[in-house]
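Dear colleague,

Please find below the structure that I am handing over to you. My notes on what was found in it follow.

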Amino acid sequence: MPLGHDDRHLGPYTTGAAARASRLASLGCLWLSGVGLCVITLIILYQVFMRYVLSASPSWSEQAALYILVWTVLIAAAAGVREQFHIRIQAAQDALSPKRRRVAIIAAHAVTGLIGVFLAVYGTQLVTALWAYDIPTLGLPRGSAFLPLPLGGFLIAAFSAEHVLAIRKGLEVEPVWR
């Protein structure tokens, strides 16, 4: 259960333009990921129909589904950081005193933010290195398939920083789903 959704509520939610922008970005990520899953499903259904009913499997369908899957997973991961949909060990947090629990949660968000920075920096290098090559079946630059690495990494870092700043002020990040 996300922090603050039990008896250890930290305080009021963050407000202001930055909080609204973050909430909107997370909502956009969730919608984009949901649409991506639907499109992947349609592509796979089309591929199965074409292969087994018409014996004419399209050459692009598998690559397109994988391409969209990479985008969907990395964008959803960023939203998961903000919405706190990630897995954590609640029992370990419950065993800590309130002060140590707060420090542990801040440290966890800081590590997550550093991973986001890593994805953003090295993902940008990967995109740049692969942009000149094409995905033959799709006619798209190979680097575009890895573009969600720096985008998702940036969002992960930003959402993690938002959580750290909110906790330090005794506030919470309001989840989109509430």
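**Findings**

Helices α1 (17-52) and α6 each supply at least two residues of the lining of the largest pocket. Please bear in mind throughout that this is a predicted model. The largest share of that lining, 3 residues, comes from α6. The lining consists of Tyr-13, Thr-14, Thr-15, Ala-18, Ala-19, Glu-162, Leu-165, Ala-166, Lys-169 and Leu-171, and the volume of the pocket is about 180 Å³.

I turn next to the chain as a whole. Its 178 residues, of which 37% count as buried, include 6 helices and 2 strands. Read from the N terminus, the order of these elements is α-α-α-α-β-β-α-α. Along the principal axes, the C-alpha atoms fill a box of roughly 65 × 35 × 30 Å.

The confidence of the prediction should be kept in view. The average pLDDT of the chain is 89, and 92% of the residues score at least 70. Over residues 1-8, however, pLDDT stays under 50, and the model has 23 contacts for this stretch beyond four places in sequence.

Helix α1 contains 36 residues, and the distance from its first C-alpha to its last is 52 Å, close to the 52 Å expected at 1.5 Å a residue. Its buried residues include Ala-19, Ser-22, Ser-26, Cys-29 and Ile-40, and the buried residues of α1 pack against α2 and α6.

Helix α2 has 23 residues and reaches 32 Å between its first and last C-alpha, close to the 33 Å expected. It is followed by Gln-84, whose phi is positive, near 60°.

Helix α6 has 21 residues, which should span 30 Å at 1.5 Å a residue; its end C-alpha atoms are 30 Å apart, which agrees. Of these 21 residues, 15 are buried, so α6 is largely enclosed by the rest of the structure. Just after α6, Gly-170 takes a positive phi of about 80°.

Which residues make up the largest nonpolar core? There are 8 in all: Cys-29, Ile-75, Ala-78, Ala-79, Val-81, Leu-155, Ile-156 and Phe-159. Helices α2 (61-83) and α6 (148-168) each supply at least two residues of this core, and α2 gives the most, with 4 residues. As general background, nonpolar side chains in soluble globular proteins tend to be buried together.

Leaving aside residues up to four places away in sequence, Phe-159 touches Ser-22, Ala-25, Ser-26, Ala-78, Ala-79, Val-81 and Arg-82.

The second residue is Arg-82, which is placed in helix α2. Is Arg-82 buried or exposed? Its relative accessible area is 2%; because a residue under 20% counts as buried, Arg-82 is buried. With residues up to four places away again not counted, its contacts include Ala-19, Ser-22, Arg-23 and Ser-26, and also Phe-159, Glu-162 and His-163.

Yours sincerely

Definitions and conventions
Residues are numbered from 1 along each chain as its sequence is written. Side-chain values use heavy atoms; hydrogens and water are left out. A nonpolar core is a set of buried Ala, Val, Leu, Ile, Met, Phe, Trp, Tyr and Cys residues joined through side-chain atoms within 4.5 Å. Buried means under 20% relative accessible area, exposed over 50%, partly exposed in between (1.4 Å probe, protein chains only). Contact means heavy atoms within 4.5 Å. The expected span of a helix is 1.5 Å times one less than its number of residues. pLDDT is the predictor's confidence in each residue, from 0 to 100. On a 1 Å grid over the protein atoms alone, a cavity is a set of points where a 1.4 Å probe fits but cannot get out, and a pocket is an open set with protein on both sides within 12 Å along at least five of seven lines; lining residues have an atom within 4 Å of a point. Grid points are joined across faces, edges and corners, and a volume is the space filled by probe spheres set on the points.
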